[in-house]
Amino acid sequence: MSGTDGVLRIGAWDADPEPPPPSRPLELITDSEGGRGLALVRACADLWGWQPLARHGTRGKYVWCELLTA
């Protein structure tokens, strides 16, 4: 987590190099048992994205979102 110039950035890394699946609108998946994570991020964040990443010799991805601070 980091913050500069009125923006808070939150991110997570995982070892799966595949892009995150497209998120569906939150109101369409309220009864689903999985797949809500990116929908929640999309609903709450001002901006989000992902990038491929290599860490300690392992390929993966970094998914991040930004929230504007008051």
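Tutor: Asp31 counts as exposed because its relative accessible area is 78%; exposed means over 50%, buried under 20% and partly exposed in between, with a 1.4 Å probe and protein chains only. The model is predicted, so local features need pLDDT of at least 70 and side-chain atom pairs count only at pLDDT 80 or more, while totals for chains, interfaces and linings use all residues. Residues are numbered from 1 along each chain as its sequence is written, and side-chain values use heavy atoms, with hydrogens and water left out.

Asp31 sits in the loop that joins strand S2 (7–14) to helix H1 (37–44). Helices (H or I, at least four residues) and strands (E, at least two) are DSSP runs, numbered from the N terminus.

From Asp31 to Cys44 is 13 residues in sequence and 19 Å in space, C-alpha to C-alpha. No disulfide, a pair of cysteine sulfur atoms within 2.5 Å, is present in the structure. Cys44 is in none, and its nearest cysteine sulfur, that of Cys65, is 8.6 Å away. Cys44 is exposed because its relative accessible area is 58%, whereas Cys65 is buried because its relative accessibility is 10%.

Lys61, in strand S4 (residues 58–68), is also buried, because its relative accessibility is 6%. A polar atom of the Lys61 side chain lies 3.1 Å from the backbone oxygen of Glu18. The cut-off for such a polar contact is a pair of N or O atoms within 3.5 Å; within protein, one must be able to donate a hydrogen and the other to accept it, and residues adjacent in sequence count only if both atoms are side-chain atoms. Beyond its neighbours within four places in sequence, Lys61 has contacts (heavy atoms within 4.5 Å) that include Trp13, Asp16, Pro20, Trp50 and Leu53.

For the chain as a whole, buried residues are 19% of the 70. Of the contacts with a separation of 6 or more, 49% join residues 24 or more positions apart. The C-alpha trace spans about 40 × 30 × 15 Å along its principal axes.
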